[in-house]
Structures are given as structure tokens and as C-alpha cells.
Amino acid sequence: MTKIAFIGAGSTIFSKNVLGDCMTTPALADAEIALHDIDHEKLFNSEKMLKNLSRNLGGRAQVTAYTDRREALRGADYVINAISVGQYEPTIKSDFEIPHKYGLKQTVADTLGVGGILRGLRAAYAMLEFTRDMEELCPNAWFLNYTNPMAIVTGAVLRGSKIKSVGLCHSVQVCAKELLEGLDLPTDNVRYRIAGINHQAWLLEITRNGEDMYPEIRRRAAERPAPHDDMVRYEIMKSFGFYVTESSMHSAEYMPYFIKSGQPELLEQYNITTDWYLTWGDSKAEYWQEVMDSLVNNPDVSHSRTHEYASYIIEAMETDVSFKIAGNVLNTGGLIGNLPQDAVVEVPCLVDSQGVTPCKVEDLPPQCAGLNRTNVNMQLLAVEAILTRKREHIYHAAMLDPHTAAELSLDQIRSLIDEMLEASAEFLPEFI
């Protein structure tokens with residue numbers, strides 16, 4: 001029987017999607033599913049929901065919640081990670097509010113920027129604890145990571161442990177579809193090729209019935225009436241030649257062009273909402289009540305398989321029927337030749353019983369690789385800080401972050417990082 005451990009199972013909707021996918025997959029329907037979360041109330045809510053779901057889908061899966069993480073991991077074949085470290089208040093809020101004091105605005109702060117750095121430090125330290133347990137309790141298991149910042153935490157796990165791991169995101173699966181739907185273009189018989197880094201991978205080619213769609217995409221994007229939700233990505237496509245995978249709200253803070261204290265009119269021009277994540281976070285009580293009503297307290301809960309990669313990866317490994325994913329892996333051997341080999345890149349990968357095999361991609365267009373490298377520089381220094389425990393590398397990461405460096409002086413960056421580390425001292429005692 002396949003054992004799947006899910007760490008961070010208190011994320012009820014996401015655990016339903018990923019584990020419900022497994023329950024609806026014949027090769028995985030009788031899996032042993034082990035749930036763990038440090039929030040025991042949410043953990044047992046997810047267990048209740050998943051047991052109802054299993055029963056409604058035939059009752060073959062064995063679902064058990066564990067308050068002891070080691071027992072959840074013991075003997076696992078696959079470990080799915082979806083943790084978030086630190087409560088929304090005060091930890092996540094501090095990732096926004098402390099930078100506010102320095103005039104630094106962010107939108108989501110979970111991938112790049114000073115918020116992304118702190119989130120990455122907190123998450124990576126927790127995940128390296130998981131992998132140490134895995135090296136003892138399930139050394140051959142695959143670690144499927146969904147936690148952001150993807151490049152930082154996946155890089156830390158791959159370089160800081162012996163565990164087999166791949167980072168997974170939703171952006172690649174929906175990128176082409178969202179682009180075409182936004183421009184009223186057909187989505188059938190479309191093929192595409194994407195590569196780069198997480199949240200800034202490039203739609204290098206897109207064809208329909210063998211015909212290049214980019215000329216029509218660019219024409220319609222230029223004519224689409226403003227405002228709309230994809231203005232940042234259209235501007236990047238106009239300026240750099242290609243569309244990127246992650247949303248405009250995310251992408252706005254990965255570059256120095258869109259959120260500038262000296263040019264506040266850019267926010268309206270590109271339809272950017274700063275502190276977007278805080279707005280979402282303030283509505284979480286209402287969100288969780290909806291989760292309770294629609295999932296946890298619904299005995300008739302049901303599920304249809306989603307586009308999340310986890311169940312397809314596990315199915316391919318268990319059945320040896322290959323499946324292609326977009327995976328976040330080390331750039332070992334120069335999968336993308338004009339990005340650093342110790343970077344985490346997002347490239348096509350084939351999955352089968354041998355594991356995850358990344359596919360080599362030719363060099364990116366030089367302007368695309370150049371923009372990626374501005375993000376990679378920060379990511380590599382953040383990973384270096386995690387692995388070496390050297391505080392100065394946290395400063396270096398922030399100094400190399402595109403948006404932060406465009407707004408703050410070196411002394412301001414040091415002072416800002418000092419305050420943010422103090423706010424996260426509970427999770428990062430090595431740096432205090």
C-alpha cells in the first residue's frame with residue numbers, strides 16, 4: 001500500500017484538492033494517507049473532511065491525522081509539503097508593515113522582495129527539519145514541495161539534504177489558457193513551451209494547429225482596453241518579447257519598474273494593488289467559515305481530479321506510465337545554459353518509476369535570462385544564508401533584490417533586515 005504523508009494538512013481546500021486527486025486515481029485509491037499540521041484544530045477538520053470524501057468515493061483510502069510529525073512521516077513513500085510558517089498576525093503582517101516604515105511597498109511578498117526573503121528563511125528552516133526526519137524515517141521518499149518562495153525553499157532542500165525533491169507550482173498549467181482567454185482567443189489544439197524560473201518562467205512558444213499565435217497575441221494585447229488584471233505582464237511581454245507565467249500582481253514586485261515611491265502614478269497605470277495579500281488575509285475568518293460550511297461540515301463532499309501535479313507524479317512513479325510536468329529542480333548540468341547551475345529552474349520534466357527527469361532546454365533569449373538572473377541573484381544568497389547561517393548573506397540577498405535595491409539605500413536595507421529578523425526571532429533564533 002502506498003503511503004502519502006501530507007505536511008501542512010490544515011490547509012483544508014488544498015489538501016482536498018491534492019489528496020482528493022489521489023483518491024480519484026485508481027492506482028492510488030487505496031493509499032494510506034497520513035496528515036500532519038501544528039494547528040490541531042485545522043488538522044482534525046481536514047481529517048474529518050477527507051474521511052467523508054474517501055467514504056463518498058468508495059472508502060478505499062485510509063486517512064489518519066497525526067499530531068506527531070515523525071509518526072506521519074514514518075515509512076512514507078511520498079511527502080507532500082504545503083506549510084506556512086508563522087501566523088498571519090503578527091508574523092505575515094510584519095513582512096509588510098516593517099517595510100512600510102521604510103517606504104517600501106509590496107503586493108504579495110511570498111516569492112521575492114524582503115517579505116519573500118523572510119518567508120523563505122522561516123519555511124526553509126522548518127523544511128530542513130522535515131528532511132532530517134525523512135532521512136531517518138523514509139529516506140527513499142519523494143518530497144513534493146508546494147510552499148513558496150519556491151526557488152528558495154526548494155533550493156535549500158535540494159542542497160541541504162539527501163532527500164529526493166521537486167518543487168511544484170500551478171502557474172505553468174494555467175499560463176497559456178489565462179493569456180488566451182483574456183484576449184478572446186481559442187484555447188483548443190494549443191501547444192506551448194515554457195521554461196525559466198518559478199513565477200518568472202517564459203512562454204517561449206505557443207502555437208495552435210501548428211501556427212504561431214504570438215503575433216496575434218501581441219496585437220490584441222496592445223489593443224485591449226485598460227484597466228485590466230494583466231497589465232504588468234503585457235508590459236513585460238512588450239518590453240522583453242515574451243509572456244511570463246505568474247500573475248501581474250505577483251510580477252509587479254519582482255522587478256524595479258512598477259512600484260516606485262517617486263512615481264506613485266505607476267500603480268494606477270498598471271492596475272497594481274499594494275498590500276494585496278494583507279487585504280486577503282484580513283478576510284480569512286470569513287474564508288474559514290466558508291471552508292467549514294462547504295467542506296468540513298458537508299457529509300456529501302465530493303471531488304473531481306484537478307490539474308495539481310502531485311497525484312499525476314505519484315501515479316506515474318507507481319505505474320511507470322510517464323507523465324510530463326513543469327518541475328522546479330537544480331539547474332545541474334546547465335538545463336538552461338545561460339542561468340547559474342546552482343539556481344533552481346522551472347523546466348519540463350518527465351516522471352516515471354525512475355523518478356523525475358528534467359529536460360534540457362536551450363538558452364533562454366538573452367533578455368529573458370538577464371531578467372531571471374536579477375531574481376536568481378537574490379534567491380541564491382537567501383539559500384546561502386540558510387545553509388551557512390550567516391546573517392550577512394541575508395543582507396546580501398536583500399541588497400540584490402531588484403525592487404528593494406531600487407528603493408532603499410544599503411544602510412536602510414541593513415536596518416530593515418535587522419527589524420524583520422527580530423520580528424521573526426521565534427522561527428530564526430540562529431540570526432538573533
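Select R305 and Y312 to begin: R305 lies over the face of Y312, 3.6 Å from the ring centre. The rule for a charge over a ring asks that NZ of Lys or CZ of Arg be within 6 Å of the ring centre and within 35 degrees of the ring normal. Before moving on, note that this is a predicted model, in which local features need pLDDT of at least 70 and side-chain atom pairs count only at pLDDT 80 or more, while totals for chains, interfaces and linings use all residues. Residues are numbered from 1 along each chain as its sequence is written, and side-chain values use heavy atoms, with hydrogens and water left out.

**Stop 1: rings around Y214**

Now pick R218 and Y214. Here R218 sits over the face of Y214, at 4.2 Å from the ring centre. Rings of Phe, Tyr and Trp (its six-membered ring) are paired if their centres lie within 6.5 Å; planes under 30 degrees apart are stacked, over 60 edge-to-face, and the rest tilted. By this rule there are nine aromatic pairs. The ring centres of Y214 and F242 are 5.9 Å apart and the planes are at 85 degrees, so this pair is edge-to-face. Y214 belongs to helix 8 (residues 214-223) and F242 to the loop between helix 9 (231-240) and strand 10 (243-244), so the pair ties together parts that are 28 residues apart in sequence. Helices (H or I, at least four residues) and strands (E, at least two) are DSSP runs numbered from the N terminus.

Are these two residues buried or exposed? Y214 is buried, with 3% relative accessible area, and F242 counts as buried at 15%. The cut-offs are under 20% relative accessible area for buried, over 50% for exposed and in between for partly exposed (1.4 Å probe, protein chains only).

**Stop 2**

Next, select F240 and Y257. Their ring centres are 6.4 Å apart with planes at 40 degrees, so the pair is tilted. This pair links distant parts of the chain, with F240 in helix 9 and Y257 in the loop between helix 10 (248-251) and helix 11 (265-269), 17 residues apart. F240 counts as buried at 17% relative accessibility, whereas Y257 is partly exposed at 38%.

**Stop 3: a pocket and a cavity**

On a 1 Å grid over the protein atoms alone, a cavity is a set of points where a 1.4 Å probe fits but cannot get out; a pocket is an open set with protein on both sides within 12 Å along at least five of seven lines, and lining residues have an atom within 4 Å of a point. Grid points are joined across faces, edges and corners, and a volume is the space filled by probe spheres set on the points.

For the second largest pocket, of about 340 Å³, select V172, Q173, Y192, R193, I194, H307, Y309, F323, K324, I325, A326 and P348. Which element gives the largest share of this lining? Strand 11 does, with four residues. Helix 7 (171-182), strand 7 (190-197) and strand 11 (323-330) are the elements giving two or more residues. By class, the lining has eight nonpolar, two polar and two charged residues. Ala, Val, Leu, Ile, Met, Phe, Trp, Tyr, Cys and Pro count as nonpolar, Asp, Glu, Lys and Arg as charged, and the others, Gly among them, as polar.

There is one cavity of 30 Å³ or more. The largest cavity has a volume of about 40 Å³; to see its lining, select A151, G155, D342, A343, V344, Q379, L380 and V383. Helix 15 (366-388) and helix 6 (150-160) each supply at least two of the lining residues, and helix 15 gives the most, with three.

**Stop 4**

Most residues other than glycine have a negative phi, and most peptide bonds are trans. Zoom in on N148 and P149, where the peptide bond is cis, with omega near 0 degrees. P149 is in the loop between strand 5 (142-145) and helix 6. Another cis peptide bond joins A226 and P227, and P227 is found in the loop between helix 8 and helix 9.

H199 is in the loop between strand 7 and strand 8 (200-208), and is buried at 2% relative accessible area.
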